[in-house]
Amino acid sequence: MYALTQPTARTPLTNTTLSMKKICIPAVIIATLMFLPGFAFAQKLSPKEIKDGTAYYDGAELPLFGKAFEGDCANGRYRRLPARLEGGCRGALWYLGQESAGLYLRFRSDSPFVKAHWVSTFDNRMNHMTDTGVKGLDLYFLHDGKWRFAGSGRPKGKENEATIVANMDREEREYMLYLSLYDGIDQIEIGIDENSGIGLPKIDSPRSGNPIVMYGTSILQGGCASRPAMAHTSIISRALDREVVNLGFSGNALLDMEIAELMAEVESPSLYVLDYVPNASAKAIAEKGEEFFRILRKAHPKTPVIFIEDPLFTHSIVDNHIREEITRKNAAQKELFERLRRQGEKLIYYIPADNLIGNDGEATVDGIHFTDLGMERYARVMLPVMKKALRKH
């Protein structure tokens, strides 16, 4: 259940870092680009099209972050599951893996405006989540060492074009463009002033080494954030200045071992977060939870793992069935955690249900899926435990 219905010091990001990172930069980036004096790029990008004073650049030329695997899918770049899993995992899981939750592009530019043209994969729409969150974009810029909201790309349908931010001074800025939470991206282009420059980021932020890998449900995928950057995984990424891989699958965090294997393949993860309880039954947790964990532990013996309980959803106060189900599942999660501790596991941490989303009943859109307030509260509870695990690691 709990599925969304589908219809700190920073270091320069060197070319060596880029070549090692799972960001899918094309082998050759060429062409001449007009730019202001003093605004130079290590690599110059070639515009795909110039129209009415706006030069459009293919997003495929820019570094992509948030993926659990290297390279592009055979069916598109902006996918969260590798092509080899098609036919090798459940169909619902594969479908959700085509949605781009948690993925983001990084670039820098001195343009006084930033536009985007993008084509969604499914043109999804839901009755309890904004279109901007479902299939829109979210642009942030680095300001005084912190990531700040610049504007959203609000969709109108399957194919979209939007001016995300305008009327800026012409100065070089670092940008992060979050992709859609509950739809895929088939194609995306960034539009800037034709007399401005665009290039690869200079700053490694969020830091791209040792990502945090998070597995979970519709909530973790981002339901029902008003815009992509308000998913709690992205809030956490900005707070910790660290790349987060979002492996949230709406209604389908059912402890599939294919996902455990994918998580285990991530190179040098700093932390695993297991937040599957809202979807998994007590029986599944008891029977499959340890096997899932062991796949991760075998691959990365020294990586901390955080286990999270099911939140105490607002209507559990009056809905006896929901309250009893949450109690059973959280008891199974706690028993799994304690069993692993008895077996000698030390690098494991636990976040109980208490106060995960506050106690005033105001953190959800439908009793289950989080508003932006719920996302902020969830991140606030998780962050101290994550920081502790990262320090000890």
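Me: Which residues of α9 do H232, I235, I236, A239 and L240 in α5 meet?

Reply: This is a predicted model, where local features need pLDDT of at least 70 and side-chain atom pairs count only at 80 or more, while totals for chains, interfaces and linings use all residues. Residues are numbered from 1 along each chain as its sequence is written, and side-chain values use heavy atoms, without hydrogens or water. Helices here are DSSP runs of H or I, at least four residues, and contact means heavy atoms within 4.5 Å. On the α9 side, the partners are M375, E376, Y378, A379, M382, L383, M386, K387 and L390.

Me: At what angle do α5 and α9 pack?

Reply: α5 covers residues 232-240 and α9 covers 372-392. Their axes, lines fitted to C-alpha atoms over the stretch in contact, lie 9 Å apart. The two helices pack at about 45°.

Me: And at what angle do α7 and α8 pack?

Reply: Here α7 spans residues 282-299 and α8 spans 320-342, again with axes 9 Å apart. Among the residues in contact are F293 of α7 and L336 of α8. The angle is about 35°.

Me: Which helix gives the most to the lining of the largest cavity?

Reply: G102, Y104, Y178, T233, S234, S237, V244 and N246 line this cavity (grid points, 1 Å apart, where a 1.4 Å probe fits but cannot get out; lining atoms within 4 Å). At least two lining residues come from each of β13 (242-248) and α5. With 3 residues, the top contributor is α5.

Me: Which tyrosine lines the second largest cavity?

Reply: T217, I219, L220, D275, P278 and P311 belong to that lining.

Definitions and conventions:
Axes are lines fitted to C-alpha atoms, for helices over the stretch in contact, and angles run from 0 to 180 degrees between N-to-C directions. On a 1 Å grid over the protein atoms alone, a cavity is a set of points where a 1.4 Å probe fits but cannot get out, and a pocket is an open set with protein on both sides within 12 Å along at least five of seven lines; lining residues have an atom within 4 Å of a point.
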